Amino acid sequence: MSFTTILSTLALSALVRAAPTPSTDDVYPNYEYGNMFYLGPTTNSQYITKATYSLSVPAPPTDYLTSSPDERWLSLWIGLQDNPNTSDVLDMNFVQPLLNWGPNNAIWGCDADVEHWCAAASTYTPAEQIGQEYVALPSNATLDFVVEVNADTGMIDQSISLAGKIISQESDSKGMQPAVFYSGTECYLDGCGTVDAHSWFNITLELNEADADLDKTMTLTGATSSGMVTTDGGKTWTIESIVIEKQNMTE
Ligand SMILES: *[C@@H]1O[C@H](CO)[C@@H](O)[C@H](O)[C@H]1NC(C)=O
Ligand SMILES: *[C@@H]1O[C@H](CO)[C@@H](O)[C@H](O)[C@H]1NC(C)=O
Ligand SMILES: *[C@@H]1O[C@H](CO)[C@@H](O)[C@H](O)[C@H]1NC(C)=O
């Protein structure tokens, strides 16, 4: 799958979630994707049964463009998806608990001022974005995320926790066997300003079966990784941190 195809999916996902909906032709040029990592697909049909990771939330940008404040937004996320080897990613769910910020957070239903982020459990589906109500975050928050296959229901359970308490969660995407795990720094309408470096850390991936070569599938774009470690031949992988570098989302 080409990177362009990935981006199209994400663009659509964001469109369904957040934008009042002009035609897609009008909208695609308005999305910009910044620094990121991409891990997967797994090398031999293994899938991720449980992913846990944390984020030290950066300050929202201060040098964003002030035009169209009711339309512009910036989102940070890691998402999981089935192996995109056979179908159009537009037709696949993408489980992506996310952070969102805009010059006008209220318009997205979040009770946060311009100096704070909002967070919500969320899943792109081909029909629509299924997302929970946004929760306003305190400054300098650290969030803990869990995305896992529920062995009883076959659903994907996702949650976001702050200081040990779940603040948002949902379950959907029955039957998904996640084979990719990747991040996004996504700006709608360009002009999101300077996004500070931030760290996805304390990452653990548990697989249904060992994938000793999973680490070879990692791609970093404007990001640095501490490296992937396994002590059980590839059934469990840990990454101390992946730092997404500071970037200008206006240029
Ligand atoms: C695509 O990925 C799935 C899940 O990992 C696997 O079962 C299948 O064999 C793959 N198909 C091809 C054509 O690579
Ligand atoms: C958040 O972190 C920044 C940078 O370290 C610091 O200047 C600021 O005072 C912190 N804010 C709060 C509310 O702790
Ligand atoms: C690391 O992740 C675990 C959950 O897997 C969580 O309980 C713990 O608080 C996290 N540590 C930090 C420093 O965020």
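Colleague: Where does asparagine 202 lie?
Modeller: Asparagine 202 is in strand β16. Strands here are DSSP runs of E with at least two residues, while helices are runs of H or I with at least four, and both are numbered from the N terminus. Please bear in mind that this is a predicted model, in which local features need pLDDT of at least 70 and side-chain atom pairs count only at pLDDT 80 or more, whereas totals for chains, interfaces and linings use all residues. Residues are numbered from 1 along each chain as its sequence is written, chains are lettered from A and ligands numbered from 1 in the order in which they are written, and side-chain values use heavy atoms, with hydrogens and water left out.

Colleague: What is phi of asparagine 202?
Modeller: The phi angle of asparagine 202 is positive, about 55 degrees, although the residue is not a glycine.

Colleague: And is asparagine 202 buried, exposed or partly exposed?
Modeller: Asparagine 202 counts as partly exposed because its relative accessible area is 48%. The classes are buried for under 20%, exposed for over 50% and partly exposed in between, with a 1.4 Å probe and protein chains only.

Colleague: Which residues surround ligand 3?
Modeller: The residues around ligand 3 are Thr52, Ser54, Asp144, Phe201 and Asn202. A residue belongs to such a shell if one of its heavy atoms lies within 4 Å of the molecule.

Colleague: Which strands each supply at least two residues of that shell around ligand 3?
Modeller: Those strands are β3, residues 48-56, and β16, residues 198-207. By class, the shell around ligand 3 has 1 nonpolar, 3 polar and 1 charged residues. For that count, Ala, Val, Leu, Ile, Met, Phe, Trp, Tyr, Cys and Pro are nonpolar, Asp, Glu, Lys and Arg are charged, and the others, Gly among them, are polar.

Colleague: How far is a polar side-chain atom of asparagine 202 from an oxygen atom of ligand 3?
Modeller: The distance for asparagine 202 is 2.3 Å. Aspartate 144 has a polar side-chain atom 3.3 Å from an oxygen of ligand 3, and for threonine 52 a side-chain N or O atom is 3.5 Å from an oxygen of the ligand. Of the 360 Å² of accessible area that ligand 3 has on its own, the protein covers 42%. Such areas come from the Shrake-Rupley method with a 1.4 Å probe; for residues, only the protein chains shown count as cover.

Colleague: Let us turn to ligand 1. Which residues surround ligand 1?
Modeller: Ligand 1 has Ser45, Asn83 and Asn85 around it. An oxygen of ligand 1 is 2.4 Å from a polar side-chain atom of asparagine 85. For asparagine 83 the corresponding value is 3.2 Å, and for serine 45 an N or O atom of the side chain is 3.3 Å from an oxygen of ligand 1. Taken alone, ligand 1 exposes 360 Å², of which the protein buries 41%.

Colleague: A change of topic: how many disulfides does the structure hold?
Modeller: The structure holds 2 disulfides, a disulfide being a pair of cysteine sulfur atoms within 2.5 Å. One links cysteine 110 and cysteine 118, with the sulfur atoms 2.1 Å apart. The other joins cysteine 187 to cysteine 192, with an S to S distance of 2.2 Å.

Colleague: Why is the disulfide of cysteine 110 and cysteine 118 left-handed?
Modeller: The torsion about the S-S bond of cysteine 110 and cysteine 118 is about -95 degrees, so that disulfide is left-handed. For cysteine 187 and cysteine 192 the torsion is about 90 degrees, so their disulfide is right-handed.

Colleague: Are cysteine 110 and cysteine 118 buried or exposed?
Modeller: Cysteine 110 and cysteine 118 are both buried. Cysteine 187 and cysteine 192 are buried too.

Colleague: How many salt bridges does a search of the whole structure find?
Modeller: The search finds 1 salt bridge, defined as a side-chain nitrogen of Lys or Arg within 4 Å of a carboxyl oxygen of Asp or Glu. Aspartate 213 and lysine 216 form it, with their closest N and O atoms 2.9 Å apart. Aspartate 213 is partly exposed at 35% relative accessible area, and lysine 216 is exposed at 64%.

Colleague: Finally, which residues does a cis peptide bond join?
Modeller: A cis peptide bond joins glycine 40 and proline 41, with omega about -5 degrees. Proline 41 is in the loop between β2, residues 36-39, and β3.

How values were computed
A polar contact is a pair of N or O atoms within 3.5 Å; within protein, one must be able to donate a hydrogen and the other to accept it, and residues adjacent in sequence count only if both atoms are side-chain atoms.
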